[in-house]
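Please look at the protein chain below before reading on.

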Amino acid sequence: MTDTHHHHHGLSPSSIRFCPLCGGALARQPVPPEGKHEMVCGGCAFIFYLNHKVVAGTIPELEGRVLLTRRSIEPARGKWTYPGGFVDWGEAVEVAAVRETREETGLEVDLDGLLGVYSYPGTPIVIVVYRARVIGGEVRTCWENDCVEWVAPSDIPWEQLAFPSTTEALRAYLNGKDPRP
């Protein structure tokens with residue numbers, strides 16, 4: 001997950017105050033048809049919808065091991081997760097998953113099916129995780145991680161995982177697989 005995007009997480013309705021079109025003040029008002037409260041411009045009536053951001057990730061698999069990366073940036077610096085990052089606007093989620101895996105680990109992967117979709121109350125992020133198989137490239141680190149490692153299921157550092165979605169996706173991955181060699 002690239003650092004440049006991380007300040008977007010903090011976007012709460014109260015932190016956005018001005019209309020991007022006319023500069024007028026935004027205020028929460030009911031919007032038809034459901035009467036749901038959204039940020040509406042008092043000047044030009046533009047509605048500023050706050051949407052979820054999508055993260056795409058992969059759990060690459062090779063000879064019964066999974067690829068984990070150790071984060072060298074906040075949030076969750078020093079903790080382990082799978083390769084992943086934000087989907088660009090207009091980018092296909094699958095394409096983003098492959099791209100982020102390449103950028104973060106140096107590996108080319110083929111997606112091998114959807115593993116799960118994770119989201120949490122109060123967090124405007126949807127995390128989409130795919131199984132993946134390695135088809136090329138060489139493992140390397142990048143500026144957001146200081147370690148990329150193939151880990152046997154029995155060696156997954158459960159206490160040192162970065163996010164709730166990391167734990168959930170790895171559990172889903174192991175479901176139906178015997179973690180013993």
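The points below go from the whole chain to a sheet and then to a helix. This is a predicted model, in which local features need pLDDT of at least 70 and side-chain atom pairs count only at pLDDT 80 or more, while totals for chains, interfaces and linings use all residues. Residues are numbered from 1 along each chain as its sequence is written, and side-chain values use heavy atoms, with hydrogens and water left out.

**Whole chain**
- The chain holds three helices and 10 strands; helices (H or I, at least four residues) and strands (E, at least two) are DSSP runs, numbered from the N terminus.
- Of its 181 residues, 41% count as buried, meaning under 20% relative accessible area with a 1.4 Å probe, protein chains only.

**An open sheet**
- Three strands form an open sheet in the order β1-β2-β3, with antiparallel pairing; two strands pair if DSSP finds at least two bridges between them.
- The edge strands, β1 (26–31) and β3 (47–48), each pair on one side only.
- Strand β2 (residues 36–41) is joined to β3 by two bridges.
- Val40 has Ile47 in β3 as its bridge partner.

**Helix α2**
- Helix α2 (residues 93–105) has 13 residues and reaches 18 Å from its first C-alpha to its last, close to the 18 Å expected at 1.5 Å a residue; the expected span is 1.5 Å times one less than the number of residues.
- Its buried residues include Ala96, Val98, Arg99 and Glu104.
- Among the elements that cover the buried residues of α2 are β8 (107–120) and β9 (123–137).
- Just after α2, Gly106 takes a positive phi of about 80 degrees.

Definitions and conventions
Buried < 20%, exposed > 50% of the residue type's maximum accessible area, 1.4 Å probe, protein only. Contact = heavy atoms within 4.5 Å.
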